[in-house]
Amino acid sequence: GATLLTMPLLSPLLLPLLLGCASALTALHTPRPVIRPSTCAKSTHRDTLSTSPLVMPLRSARPSRLLPVQMGLDVTTAKPEDVKVLVLGCTGYIGRFVTKELINRGYDVTAFTRERAGVGGKKSKEDIERDFSGAKVVVGDVCDAESLKRNGFGDKIDVVVSCLASRTGGIQDSWDIDYGASKKALDALIEQGGSHYVLLSAICVQKPLLEFQRAKLKLEQEIEAQDSVSYSIIRPTAFFKSLAGQVQLVKDGKPYIMFGDGQLSKANAISEPDLAAVIADGISKKEMHNKIIPVGGPGEPLTPLEQSKILFELFDKEPKYIKVPIGVMDAVIGVLDFIGNFVPSFKDSAEFGRIGKYYAVEDMVGPSYGTTTLREFFEDVAENGLQGQELGDQAVFNIDGATK
């Protein structure tokens with residue numbers, strides 16, 4: 001959910017102060033796998049949501065639709081080894097956990113990746129094959145329909161699990177990835193006569209104020225509208241990673257940065273392994289088919305202030321805060337929006353500002369799943385550090401939560 005911003009009109013000191021905290025306050029801009037194919041075709045669907053309601057109802061117990069008889073495999077009764085699963089976004093933060101969970105459950109997994117993937121494009125196909133022992137790794141471009149079909153659907157695929165998400169939340173990037181790439185995979189699955197589609201979405205699409213949310217919501221609507229394959233749409237609240245951005249700051253004795261009094265938003269985040277288990281259940285559990293499923297972690301939702309108190313206690317540090325008025329964000333966004341009328345590149349900067357504000361003021365709360373609490377995650381971090389929790393391209397001013 002945190003986003004890399006560049007706002008040259010603001011001082012270097014003020015920028016991290018205002019937007020650096022978005023990394024810790026961001027609940028979920030789902031999770032962002034690093035997916036930046038070079039051949040993404042521009043989507044043309046941005047205006048189709050103009051008549052959508054501003055706030056979507058939370059649908060935790062959506063009744064199943066009656067689907068026509070399908071010729072595809074019944075993935076709820078088949079043995080996992082007989083179910084071929086294609087994972088998109090496999091090298092992203094959540095995608096890694098999902099891919100390994102599916103392998104561990106015995107599914108016949110194909111992991112679709114770019115030639116260079118992972119944070120900063122550091123991983124080769126050989127690295128990914130080592131990471132996903134037991135899976136078939138294929139290389140291609142998720143934004144190129146022919147590449148996706150040729151490389152991802154070379155063998156008959158029964159299930160697609162899409163963990164794709166735009167890298168930054170930029171306007172065009174959101175439509176290319178959050179909508180376009182995942183829609184191409186849906187179309188290919190239907191064309192091939194597959195059975196089931198699992199989408200990693202986000203709880204925040206129920207109040208779509210941002211471009212990536214509108215893109216995700218349009219995809220959800222098109223998944224629901226078709227009747228060729230069954231589906232499970234998973235809407236998580238927050239990843240632990242997205243709440244870990246200020247762990248190192250507190251450990252180093254620096255102030256915790258938050259908007260207002262630290263109680264403008266709350267979230268019941270879910271651990272990555274717990275979320276991966278829910279996503280895998282979306283294949284095998286019949287009761288999860290043809291539903292939108294909001295997913296939060298165990299325990300009560302916590303505000304940024306409550307999260308900070310856990311960190312100060314664990315690191316035995318005196319609480320210190322920098323409190324930023326939320327109105328400052330409004331001013332920054334307004335300036336960037338105005339400049340964007342004359343300098344198109346500033347439109348994304350304004351959108352990034354809106355993302356930061358959204359996660360600073362909106363609650364991210366859903367039904368509880370899993371067993372690991374945020375406090376337990378912070379306790380593990382206090383003892384073992386944050387290796388592997390890097391935000392990478394989603395970091396704000398390099399506040400990525402990882403120990404240096």
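Contact here means heavy atoms within 4.5 Å. The model is predicted. Two topics follow: a helix pair and the cysteines. Helices α11 and α12 pack with their axes 8 Å apart. The disulfide count is 0.

**Helix pair α11 and α12**

- Helix α11 spans residues 326-340, and helix α12 spans residues 345-361.
- The angle between them is about 160°. Angles over 145 degrees count as roughly antiparallel, so α11 and α12 are roughly antiparallel to each other.
- Their crossing is left-handed.
- On the α11 side, the contact is made by I326, M329, D330, I333, L336, D337, I339 and G340.
- On the α12 side, these residues meet F346, K347, S349, A350, G353, R354, G356, K357, A360 and V361.
- By class, the contact residues of α11 with α12 divide into 9 nonpolar, 4 polar and 5 charged.

**Cysteines**

- A disulfide is a covalent bond between the sulfur atoms of two cysteines. The cut-off applied is a pair of cysteine sulfur atoms within 2.5 Å.
- For C90, the closest cysteine sulfur is in C163, at 8.9 Å, so the two are too far apart for a bond.
- C90 is buried, with a relative accessible area of 0%.
- C163 is buried too, at a relative accessible area of 1%. Buried means under 20% on this scale.

Technical notes. Residues are numbered from 1 along each chain as its sequence is written. This is a predicted model: local features need pLDDT of at least 70, side-chain atom pairs count only at pLDDT 80 or more; totals for chains, interfaces and linings use all residues. Side-chain values use heavy atoms; hydrogens and water are left out. Buried means under 20% relative accessible area, exposed over 50%, partly exposed in between (1.4 Å probe, protein chains only). Axes are lines fitted to C-alpha atoms, for helices over the stretch in contact, and angles run from 0 to 180 degrees between N-to-C directions. Helices (H or I, at least four residues) and strands (E, at least two) are DSSP runs, numbered from the N terminus. Angles under 35 degrees count as roughly parallel, over 145 as roughly antiparallel, 65 to 115 as roughly perpendicular and the rest as oblique. A crossing is left-handed if the near helix is turned anticlockwise from the far one by less than a right angle, and right-handed if clockwise. Ala, Val, Leu, Ile, Met, Phe, Trp, Tyr, Cys and Pro count as nonpolar, Asp, Glu, Lys and Arg as charged, and the others, Gly among them, as polar.
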